[in-house]
Amino acid sequence: MKLADLDEQYKRFPQIKREEMRKFVDWIHAQPHFSPHFSEGEALHFFHACKYSMEMAKQVLETNLTARTHLDDFFVNLDIESNQLKRAMKTVSIVPLPGATPEGYRVIVGKLEDLNASNFNYADVMKLYCMVFDYWMYEDGIQPGHVIVIDLKGCSLGHVARIGLLQMKKFLFYLQEAAAIRLIGFHFINIVPFMDKIMALMNPFMKKELTSILYLHNDINEFFKFVPREMMPKDYGGQFEETKVARELYYNKLIDDRKQMLEFETRHQVNEKLRPGKPKNASDLFGIAGNFKKLDID
């Protein structure tokens, strides 16, 4: 697990002043409830995602680390050798694609591999998804933007029935308020006849910023206007190795770097006993006033 080269990132984004980043890192290390091992490279993602606003970066980082501490379903016990995550790795393919769109955006694709709904556990699959995303960003560094693609081929009503409303609320809260990315697009491809049921789970928790970048594609060629076909895996007519093969690359990375991912988990949590003022819990997260983070819409 190798942190992306800092000098290279500052070179690609000259608008980020390193002296400002050092102030941000100094602030992070002055917080008694944050890990003293939180790195400049990890902090850079928040500063970039928040368009170089120091105050917003502080707020989003606080929300992120608090969420990762208390949203057990997705961020606690990131042990890739656990039975739950072993099952999730067999159930889905989660593949960050090489290369970028013409605009420079990076793309990640998720799809079902095991179509048996009884083997699908939404919380475990999303935990694996977040682990792959975190690993990818750690090594890839900051980027102009990210595009999430969910392929619904093989999805049944049985899968949808296994998604809890509270779990969906938690994930969409994290994505909209705490994730250290500039989310450019959220695409569903190979959409299903019961798409209204999926949207009924999502709509109550989506803000207009997310709704404005959400795309439902009946026609794969419409999707290719956003993500070029040649970027995609071979099973979509692209040049990249098939998703079933490509996923093993990332899953094996997670297995090989199991210890580092558990250390990553610890660095990205707060110690509530050391928090100035009143400790927080999971219910506090959904009562936070105001919008800490606006999704980056270009």
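Here is a short walk through a few places in this structure. The model is a predicted one, in which local features need pLDDT of at least 70 and side-chain atom pairs count only at pLDDT 80 or more, while totals for chains, interfaces and linings use all residues. Residues are numbered from 1 along each chain as its sequence is written, and side-chain values use heavy atoms, with hydrogens and water left out.

Let us start with I16. You will find I16 in the loop between helix 1 (6-12) and helix 2 (18-30); helices (H or I, at least four residues) and strands (E, at least two) are DSSP runs, numbered from the N terminus. I16 is buried, with a relative accessible area of 4%. Here, buried means under 20% relative accessible area, exposed over 50%, and partly exposed in between, using a 1.4 Å probe and protein chains only. Which residues does I16 touch, not counting residues up to four places away in sequence? They are Y10, M21, L44, F47, H48, Y52 and I142, where contact means heavy atoms within 4.5 Å. By contrast, look across to G110: its C-alpha atom and that of I16 are separated by 32 Å, and the two residues are 94 apart along the chain.

Next, please turn to helix 10, residues 195-202. Its buried residues include M195, I198, M199, L201 and M202. Seen down the helix axis, the buried residues of helix 10 fall within an arc of 155°, so they line one face of the helix; the arc is that of the directions from the helix axis to the C-beta atoms. And what covers them? The cover includes helix 8 (157-161) and helix 9 (165-177), together with strand 4 (183-189) and strand 5 (214-217).

Another loop, between helix 14 (258-267) and helix 15 (282-285), holds E272. This residue is buried too, at a relative accessible area of 13%. The side chain of E272 makes a polar contact with the side chain of H70, at 2.8 Å. A polar contact is a pair of N or O atoms within 3.5 Å; within protein, one must be able to donate a hydrogen and the other to accept it, and residues adjacent in sequence count only if both atoms are side-chain atoms. Leaving aside neighbours within four places in sequence, E272 is in contact with T66, H70, P279 and K280.

Finally, the cysteines. How many disulfides are there? The count comes to zero, a disulfide being a pair of cysteine sulfur atoms within 2.5 Å. The sulfur of C50 has its closest cysteine sulfur, in C130, 18 Å away, too far for a bond. C50 is buried, at 4% relative accessibility.
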